[in-house]
Amino acid sequence: MANVFIDIAAEFTGKKAFKQAETSTEKLTKNVKQLAKTFGLAFGTAQVIAFGKASIKAAAADQKAQQQLALALQNVGLGRDAASSENYIQRLQSEFGIIDDKLRPAYQILAIATRDTATSQKLLNLGLDISAATGKDLGAVTTALSRAYLGNNTALTRLGVGISKADLKTKSFEEIVDQLGTTFKGSATAAANTFQGSIDKLSVASANASEIIGTGLIDALKGLGDQNSVDDLANSMEDAALYTADVIRGIGVLTQKLQALPGVGNFNIGMIPIVGSYLEILRGLGKQSASKPFTTPMTISGQSQQSTKITKDQAKTAKENLKVSKDSLKLSKAKAIFDLQKIQIEAALKGKISEEDRVRLLLMKAIEEENISNIEKYTKLLDEAQKKTIELRDALKVSDPFSTFNSGALNAATSVESLIAKVRELTGVVFTNPIAMTSFAQGIEAGLPTSEALSGARYAAQGAAAMGGGSVNVTVNAGVGDPEAIARVIEDTLRQSTYRGTGGLLAI
Amino acid sequence: MPASVKGAVKLRKSLRQFSPDLAKALPKEIGAALKPITRAARGYLPDDGQVLSGWIARENSQSRFPAYNARLVKAGISYKTTPSKPNRSGFRSLARVFNKTAAGAIYETMGRKTPQSRFVQNQNSKYSSQMKGDKKMEGRALFRAYDENNGKARDAVLKAIQGAADKLNQRAKA
């Protein structure tokens, strides 16, 4: 059979309604019998009234605890899970035989600490296991777990749950929880399945019955509404209890008699003529007054539209914040593009520079960026570099290289003069012609043998004589009015003259 | 996983009793929210010519394997807004979309477990809508449409139920 469907929304109405109803009826029958014994046979009127008072007290306390838990959940943002949390507590109560008066505070502590329904329920399950295994109070265990969740592991060590201090220091909370889960797995279930567990379950059922009856009595009180309603109700209860006890006794007798008759099977109160009808009417009235539609607001759990909206809003805000930060980053980058100072520093850093200059530039960059740590760092480096430079300078310190230049040049001139004198003395050559003497001196300076130098001097003198007594008139064939052309021609002429060895003789 | 609503069945009863107009409006509103899913799901189903020839209904066929008839399969994708009977876990569905024909269910889920089977591969080579969703909610038509709806329908249904409850309470107070 095709079974493809998607439930968009659903409501929990209880498991297998018919079977549950059947079981409930059976339980009710047993309870009625028990109540008949208790009310009619064992206790008197005073006990009935005391029971009524205790029931009212229990119901009021239960209602208060429920409201407190709902309020606490609402305050930590888990308001929409209040109904499911209450169901969860009721389930735990019936499963493990622990009364809700203990479960609710424990759950509340965890919910406040974790602010998450799933985590709270997981930790409460763990707490139940630990409590069952160690015998510690559930409240103490859940308090320790909630503190550990918030980072305070001291309470966990005091519980004595087999976790070392080293584990507590090195492991995360999730790992510790996993370890505890493995250590105490199934303890609560095992405890619930013992004889003691069964007794606990019965006592829980008894407490619940008391609360249910108390709730009915509170409704009745509210219904009366007068100033003297409590007294009236007490008197009425007393009368009703006496009346009920007698009636129950009577019903017991009547049932025995009726069942003894042939053909009468299962007996029902409603089968009693007239009296049964009245009782049925009374029951109907009570039922009607108990079930008031929408006295409690309808709740939606799971992923509702409201939670989706909140999540969307949060995501939107986060997105906007991210955009703003991205924009500011882009802006700062854009600013950096046009920051000439920085550009110059960066460009300078890319060039070939000394270590000291590099440190200076980095310091400038740090100052631009207002980066204090870098400023300190590079200032220190710069100081060191400067010290090294000073040391290097001291090490390389020498006297002025040009200080002896003038004396050297003078010495050289003196040497040349003495050389000429010596030549004159050795060769007996006396230069009357300054051109010849200069040529001879240049030849000697150039390293020529004396004979060649003399020969050169002679040619120079001859050349000078041939040119007419030391002055030459040069006709420059160049464009008139073009000084550049004239200068070039003169320069060429002088150069050629120099090549010939007569350059020093020329004068313009 | 459907959203759990407490008191909705009672709300429907109260609406019928105290405000019949709201009782009529609520299913319409829920239906309007669910229609986009069913419409999209029908669009993902193949026509008769797009399925394997042996899968199409034939005259005098004694085959027990459900034959594919595009018209029937598409008509089988629908929704309901009336509360269902409680399931094994005790939940009553308040709004449901379904693919009720056997052939439609086969097309929806084929290849979840045996993607390499000959039938699946042959059908995929001829025509196949993309599988979407996760685990038991994975499918080609209805589950895909629901997956692509991204919870809009669920939110609209919850909004409709909550809105009806608010209106009823307002009228009760007035």
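1. Buried residues (under 20% relative accessible area, against over 50% for exposed and in between for partly exposed; 1.4 Å probe, protein chains only) make up 25% of the 508 residues in chain A. The model is predicted: local features need pLDDT of at least 70 and side-chain atom pairs count only at pLDDT 80 or more, while totals for chains, interfaces and linings use all residues. Residues are numbered from 1 along each chain as its sequence is written, chains are lettered from A and ligands numbered from 1 in the order in which they are written, and side-chain values use heavy atoms, with hydrogens and water left out.

2. Chain A contains 21 helices and two strands, taken as DSSP runs (H or I of at least four residues for helices, E of at least two for strands) numbered from the N terminus. Of the contacts in chain A with a separation of 6 or more, 50% are between residues 24 or more positions apart; a contact means heavy atoms within 4.5 Å.

3. The accessible surface of chain A comes to about 34200 Å², with 58% of this area belonging to carbon and sulfur atoms. The areas come from the Shrake-Rupley method with a 1.4 Å probe; for residues, only the protein chains shown count as cover.

4. Over all chains, 17 salt bridges are found, each being a side-chain nitrogen of Lys or Arg within 4 Å of a carboxyl oxygen of Asp or Glu.

5. In helix H16 (residues 355–369) of chain A, Glu356(A) and Arg360(A) lie four residues apart, about one turn of the helix. They form a salt bridge with closest N and O atoms 3.0 Å apart. Glu356(A) is buried at 17% relative accessible area, whereas Arg360(A) is partly exposed at 34%.

6. In chain B, Glu148(B) and Lys132(B) form a salt bridge, the closest N and O atoms being 2.8 Å apart. This pair links distant parts of the chain, 16 residues apart: Glu148(B) is in helix H6 (residues 142–149), and Lys132(B) is in the loop between H5 and H6. Both count as partly exposed, Glu148(B) at 27% relative accessibility and Lys132(B) with a relative accessible area of 23%.

7. Arg88(B), Arg112(B), Lys113(B) and Lys136(B) form a positive surface patch. Patch residues have over 30% relative accessible area and no salt bridge; like charges are joined within 9 Å, and nonpolar side chains (Val, Leu, Ile, Met, Phe, Trp, Tyr) within 5 Å. Lys and Arg count as positive, Asp and Glu as negative, with His and the chain ends not counted; the charge is placed at NZ of Lys, CZ of Arg, CG of Asp or CD of Glu. Lys113(B) lies in the loop between helix H4 (102–109) and helix H5 (118–126) of chain B, and is exposed with a relative accessible area of 80%.
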